[in-house]
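Hi everyone, and thanks for coming. Please have a look at the picture on the screen, and we can walk through it together.

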Amino acid sequence: MSRFDRRLDIRVAPDYMPPIDQGALLHYARAHRAIFAAAIQQLAAWARADPPLRILELGAAPYCFTTLLLGALRCEVTCVSAPPKVWPGEMVGVTHTHVDLHHGEQSWRAPVALLNLERELLPFADQSFDIVLCMDVLQNLAYHPTLLFCEAQRVLARAGRMLLTAPNGLSLWRLLWLLCGVVDQDPFAARGMYERRQRSSTPQEVRDLVSGCGFRVERFDLLNLGPLPGARWPRRLSWVARQLTTLPVASLRQRRDYLLLTAEPIGPPRAAYPPQLYHYARLYPRIPGAQYVGDQH
Amino acid sequence: MWPIYDLNQCLAYLHQIRVEHDDVDGETLHGARVELERFYLIHARTWLRTLEIIRRGFPVIDRPLRVLELGAMPYFFTALLAEHIPCAITGSTVPMMSWPGEPLEIAPQPVTIWRGKGRPSLELTSWTFNIEKDVFPFPDDSFDLVLCMEVLEHLVYSPSHALAESHRVLAPGGHLVLTIPNYLRANRLVQLLLGRPDDYPYVGSGIQGRHQHEFTQAELRMLLEACNFRVERLEMAMVWPWSTATTLSGRVFNAFLRGFLDLPLAYARNRRELIIALAAPFGDPRLGYPSILYDDPAAFPRDHGQLVERP
């Protein structure tokens with residue numbers, strides 16, 4: 001067992017499903033540790049002693065990052081997760097529940113709202129959080145990310161910040177995989193449709209969407225943070241891509257595997273549907289309280 | 001043998017097609033003339049190729065072919081098929097804006113398609129049901145041909161259910177014709193190289209409006225075989241119109257790429273745009289979950305009536 005593994009004694013017991021297997025949690029935490037470290041470093045820069053930061057974590061399950069965050073910073077975390085088996089299960093609206101988190105000797109109980117981020121409005125008042133975390137959520141959405149960003153903008157306090165991480169759809173490892181005939185799509189997941197990656201976005205698409213929805217992008221970095229795959233050839237290709245993209249060449253830097261973005265809300269929430277990202281935008285349900293730009297609706 | 005249109009005849013015919021009556025999505029279709037025109041311009045070659053394959057698969061018939069067309073809306077291929085082959089077509093559709101987990105009223109809907117002056121309108125029944133979830137509302141062995149044309153890539157959870165149900169409703173000697181974009185197509189690579197998005201955009205008509213999971217040739221073969229289909233034909237085709245490059249270097253590159261993709265090399269063939277499969281069912285209907293496509297096959301339903309109560 002590595003030092004990292006020994007330090008990571010996490011147990012997660014959601015109220016709405018059986019406790020998450022500890023081995024699976026450890027595997028998940030190990031794979032995502034670079035992303036978690038980058039996010040905690042950024043959050044530490046925003047931390048304050050009193051009152052504690054109010055953080056909303058979108059797509060929080062399996063709550064690894066929630067646990068690490070509560071252990072690292074003085075904060076209050078509210079979680080939003082997709083209901084288990086959101087498809088093939090039926091639409092259930094919003095359910096309020098909680099999750100018990102343990103890290104070594106420390107324990108916390110965090111409130112959880114179960115809902116579909118592409119369909120439901122967030123059940124929180126305007127400007128009720130200092131930070132909204134949207135880590136590895138965007139790529140799992142299949143229909144309407146604009147709703148998520150409009151709602152994130154609405155619930156953020158005016159001096160608040162959003163932190164977003166997502167895989168770079170233009171990464172060099174992806175290009176090498178496809179050239180060599182390695183498929184990078186996630187397999188179908190029995191736990192529901194939101195358990196798998198649905199779409200790879202490019203950095204420009206993410207920037208357009210976030211700034212279109214009423215945010216000012218503060219930090220926009222492309223980093224090598226993604227978990228290396230287990231299979232031998234894909235792992236080698238990813239390793240080669242990682243080495244090449246650390247070279248000080250601007251065009252290669254753009255091909256790193258993850259993007260990390262921070263943004264602050266400006267003005268009221270706006271519903272943006274960039275034409276390169278949306279087809280038939282006029283058919284989307286109207287988002288209450290959001291301003292519409294252009295004539296797509 | 002049935003005569004089949006050439007591309008120009010086909011486009012002229014498709015240009016006249018209008019959905020005259022459709023209680024499910026007729027209103028939305030009426031307001032989307034530009035999008036529909038683009039749709040048939042992209043798919044016309046695929047449909048002609050598919051007609052050719054159906055003609056080879058069913059060279060002699062002594063009665064109208066019983067056809068189930070999954071995801072039939074907006075009914076262009078339905079109209080083309082009816083023009084070429086004596087057949088009784090039943091359609092299936094999911095109303096726009098439905099969420100995948102939302103229960104649908106499984107019901108037949110009359111659809112009327114206007115096919116131009118001098119031709120009788122085409123009347124058919126299109127059933128609303130979710131092919132990924134619902135038991136198909138038809139008895140066993142009730143169709144000679146199931147068409148699943150560019151449908152599988154729109155499914156979000158499990159294409160095996162649709163294949164097992166297609167197997168059940170196919171009569172002995174029947175066939176499944178399936179077309180699907182190839183995930184490893186050269187065009188995706190070119191987009192990536194140029195730093196452009198290669199995945200389909202989000203679509204306002206519903207989650208299943210966009211491509212959620214495309215397949216490679218090997219994945220599709222594995223999936224069909226796991227669901228007890230014998231693959232009789234699996235071809236990789238170049239059928240989509242390419243936009244004309246504006247620069248000389250772009251045109252040279254396009255010509256070079258086209259030439260390369262036409263070469264009889266496995267690597268080139270596997271980078272073509274579309275997979276067309278003709279498969280025949282054998283044995284009993286089976287929910288096959290190849291581990292290359294499903295993350296935890298044991299956790300998926302084992303009985304294809306398991307997701308809902310059988311009627």
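Let's start with Glu150(B), which sits in the loop between strand 6 (143-149) and helix 5 (159-169) of chain B. Please keep in mind that this is a predicted model.

You will find Asn228(B) in the loop between helix 7 (217-226) and strand 9 (229-237) of chain B. With 19 other C-beta atoms within 10 Å, Asn228(B) is partly exposed too.

Now for another loop residue, Arg63(B). Where is Arg63(B) found? Look in the loop between helix 3 (33-57) and strand 2 (65-70) of chain B. Arg63(B) has 9 C-beta neighbours inside 10 Å, so we call it exposed. Follow the chain for 23 residues and you reach Pro86(B), yet the C-alpha atoms of Arg63(B) and Pro86(B) are separated by 7.6 Å.

Next, the peptide bonds. In chain B, Met73(B) and Pro74(B) are joined by a cis peptide bond, with omega about 10°. Pro74(B) belongs to the loop between strand 2 and helix 4 of chain B. Turn to chain A and you can find a cis peptide bond between Ala61(A) and Pro62(A), where omega is about 10°. Pro62(A) is in the loop between strand 2 (53-58) and helix 4 (64-72) of chain A.

Let's stay with helices for a moment. Two packed helices are described by the angle between their axes and the distance between the axes. For helix 3 and helix 4 (residues 76-84) of chain B, the axes come within 11 Å and cross at roughly 35°. That crossing is right-handed. Which residues make the contact? Helix 3 of chain B brings Tyr40(B), Trp47(B) and Leu51(B), while helix 4 of chain B brings Phe76(B), Phe77(B), Leu80(B), Leu81(B) and His84(B). Sorted by class, this contact has seven nonpolar residues, one polar residue and no charged ones.

Let's step back and take in whole chains. Chain B contains nine helices and ten strands, and its C-alpha trace spans about 60 × 55 × 40 Å along the principal axes. For its 311 residues, a compact globule would have a radius of gyration near 19 Å, and chain B has 19 Å, so the two agree. Buried residues make up 43% of chain B. Of the contacts in chain B between residues at least 6 apart in sequence, 76% join residues at least 24 apart.

And chain A? Here we have nine helices and twelve strands. The C-alpha atoms of chain A fill a box of roughly 50 × 45 × 40 Å, taken along the principal axes. Chain A has 297 residues, for which a compact globule would have a radius of gyration near 19 Å; chain A has 19 Å, which agrees. Buried residues account for 46% of chain A. Among contacts in chain A with a separation of 6 or more, 73% are between residues 24 or more positions apart.

So what about the inside? In soluble globular proteins, nonpolar side chains tend to be buried together. In this model, the largest nonpolar core holds 159 residues. Those that touch the most other members are Leu58(A), Val132(A), Leu133(A), Cys134(A), Met162(A), Val210(A) and Val146(B). Take Cys134(A): leaving aside neighbours within four places in sequence, it is in contact with Leu58(A), Ala152(A), Met162(A) and Leu164(A).

Last stop: the place where the two chains touch. How many residues does each chain give to the contact? Chain A gives 38 residues and chain B gives 37. On the chain A side, helix 6 (172-179) and strand 11 (278-279) each supply at least two residues. Helix 6 of chain A gives the most, with four. By class, the side of chain A that touches chain B has 22 nonpolar, ten polar and six charged residues.

Methods. Residues numbered from 1 in each chain as written. Chains lettered and ligands numbered in written order. Predicted model: local features only at pLDDT ≥ 70, side-chain atom pairs only at ≥ 80, totals over all residues. Buried ≥ 20, exposed ≤ 12 C-beta atoms within 10 Å, placed from the backbone. Rg over C-alpha atoms; globule rule 2.2 N^0.38 Å. Contact = placed C-beta atoms within 7 Å. Axes fitted to C-alpha atoms, helices over the stretch in contact; angles between N-to-C directions. Left-handed = near helix turned anticlockwise from the far one by under 90°. Nonpolar A, V, L, I, M, F, W, Y, C, P; charged D, E, K, R; others polar. Core = buried A, V, L, I, M, F, W, Y, C linked by C-beta atoms within 7 Å.
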